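Here is a brief report for a reader new to this structure. Please look over the sequence and the model first.

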Amino acid sequence: MRPNRPDEYWLASAARLAARGRPVSRPNPAVGAVIIRDGVVVGRGWTRPGGRPHAEAEALAMAGEAARGATLYVTLEPCAHQSARGPSCTSLICESGIATVIAGVEDPDPRTAGDGFARLRAAGITVRLLPIPAARISLEGYLMQRRHGRPHVTLKLATSLDGCIALADGTSQWITGEAARAHVHSMRAKADAILVGGGTLRADSPRLDVRLSGLEARSPERWVLTRGAAPAGWQAIASPEAIADMDGVQYLFVEGGAACAAAFLKADLVDRLLLYRAPVVIGAGRHAIGDIGIADLASAHGRWQSGDRLTLGSDTLETYERKRS
């Protein structure tokens, strides 16, 4: 007897599929879709490189006639607008015989924004919005861009136990071990762009690429925070607020150093903090973050909530999410 999985289970499965499309689905969001009939997966898909085919189209093509009477679980409301690249997903769904659509997030794109759901209902399809966290998290870069006009920002710090990123003379390679550094590369592979400060660029000439087998092509765009000109192969912004000008970037990975990290924190533009901590004490070293304008402890509290904690060899990764009102 097949297990009767709850809707949340299948929508979370669609969210995991969506991760396969990040960030190569740019400029489109990375969406995941699963089609279930009689408790069995008959179709699945995620947004392909360059944004096409969409996740729903992939899943429907796999399901074929098995889509009739089935339930489609999709992380984002199906698009309602037709383009030169193909028909809308709502049109494909209406033609497929799908009986029910369960989506995690309503699309803020004004070309869809509820119209996708309305068209499906008008065609006699049952529609349900199920806003589970996994669906929202899988789309956080797209949603940030649509709602706030900027990328989702992750700040990465690799420090000693006492919060230093280098010795007093600037020596910093390597504080964390091989496992932690490999994890950083996997995070880079999920970003559209990676950014460091001008001081880090001049001092270290970092490659900022992805050095994991099979993922080398996922190396993100390279950006530098500087008021000067960017070198060949780099792009420049003069202030953190200028990330709104990063065309099409949904996920920005900031790697520091201290002045760059402080600038983004002071501007309140960090959404996620990744703290890689090595079991070493440096003492009189260089601190991870410069002055961010905190005048009293009360102002420092209430900004962050702790998330996942992961052991990476002898190091630890602590994740913190920005609290939002």
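## Strand β3 and Thr71

A strand here is a DSSP run of type E with at least two residues, numbered from the N terminus. Thr71 lies in one of these, strand β3, which covers residues 71-76. The model is a predicted one.

Is Thr71 buried or exposed? Thr71 has a relative accessible area of 17%. Buried means under 20%, so Thr71 is buried. Leaving aside residues up to four places away in sequence, Thr71 touches Val34, Ile35, Ile36, Thr100 and Ile102.

## Aromatic rings

How many aromatic pairs does a search of the whole structure find? The search finds one. Tyr9 and Trp10 form this pair, with 4.9 Å centre to centre and 85° between the planes. Planes over 60 degrees apart count as edge-to-face, so this pair is edge-to-face.

The two partners can also be described by accessibility. Tyr9 is partly exposed, at a relative accessible area of 31%. Trp10 counts as buried, at 10% relative accessibility.

## Charges over rings

Two arginines place a charged end over a ring. For Arg20, the ring belongs to Trp46, and the charged end sits 4.7 Å from its centre. For Arg22, the ring is that of Tyr251, and the distance to its centre is 3.6 Å.

## Helices α3 and α4

Helix α3 spans residues 89-96, and helix α4 spans residues 115-122. Their axes come within 10 Å and cross at roughly 20°. Angles under 35 degrees count as roughly parallel, and α3 and α4 are therefore roughly parallel to each other. The crossing of α3 past α4 is right-handed.

Which residues meet here? On the α3 side they are Thr90, Ile93 and Cys94. On the α4 side they are Gly116, Arg119 and Leu120.

## Helix α7 and Met187

Helix α7 covers residues 178-188. Its buried residues are Ala180, His183, Val184, His185, Met187 and Arg188. What do they pack against? The partners are the strands β6 (152-159), β8 (193-197), β11 (251-254), β12 (272-277), β14 (304-312) and β15 (315-322).

Met187 has its place in this helix. Met187 is buried, with a relative accessible area of 18%. Not counting residues up to four places away in sequence, Met187 touches Phe253, Leu274 and Tyr276. Arg37 is 150 residues from Met187 along the chain, and their C-alpha atoms are separated by 35 Å.

## Backbone exceptions

Most residues other than glycine have a negative phi, and most peptide bonds are trans. Some residues here depart from that pattern. The peptide bond from Arg22 to Pro23 is cis, with omega near 0°. Pro23 is in the loop between α1 (7-18) and β1 (32-37). The bond from Arg52 to Pro53 is also cis, with omega near -10°. Pro53 is in the loop between β2 (40-46) and α2 (55-63).

Asp38 has a phi near 55° and sits in the loop between β1 and β2. Asp38 counts as exposed, at 62% relative accessibility. Leu208 also has a phi near 55°. Leu208 lies in the loop between α8 (198-204) and β9 (221-225). Leu208 is buried, with a relative accessible area of 4%.

Methods. Residues numbered from 1 in each chain as written. Predicted model: local features only at pLDDT ≥ 70, side-chain atom pairs only at ≥ 80, totals over all residues. Heavy atoms only, no water. Phe/Tyr/Trp six-rings, centres within 6.5 Å; stacked < 30°, edge-to-face > 60°. Buried < 20%, exposed > 50% of the residue type's maximum accessible area, 1.4 Å probe, protein only. Lys NZ or Arg CZ within 6 Å of the ring centre and 35° of its normal. Axes fitted to C-alpha atoms, helices over the stretch in contact; angles between N-to-C directions. Helix = DSSP H or I, 4+ residues; strand = E, 2+ residues; numbered from the N terminus. Parallel < 35°, antiparallel > 145°, perpendicular 65-115°, else oblique. Left-handed = near helix turned anticlockwise from the far one by under 90°. Contact = heavy atoms within 4.5 Å.
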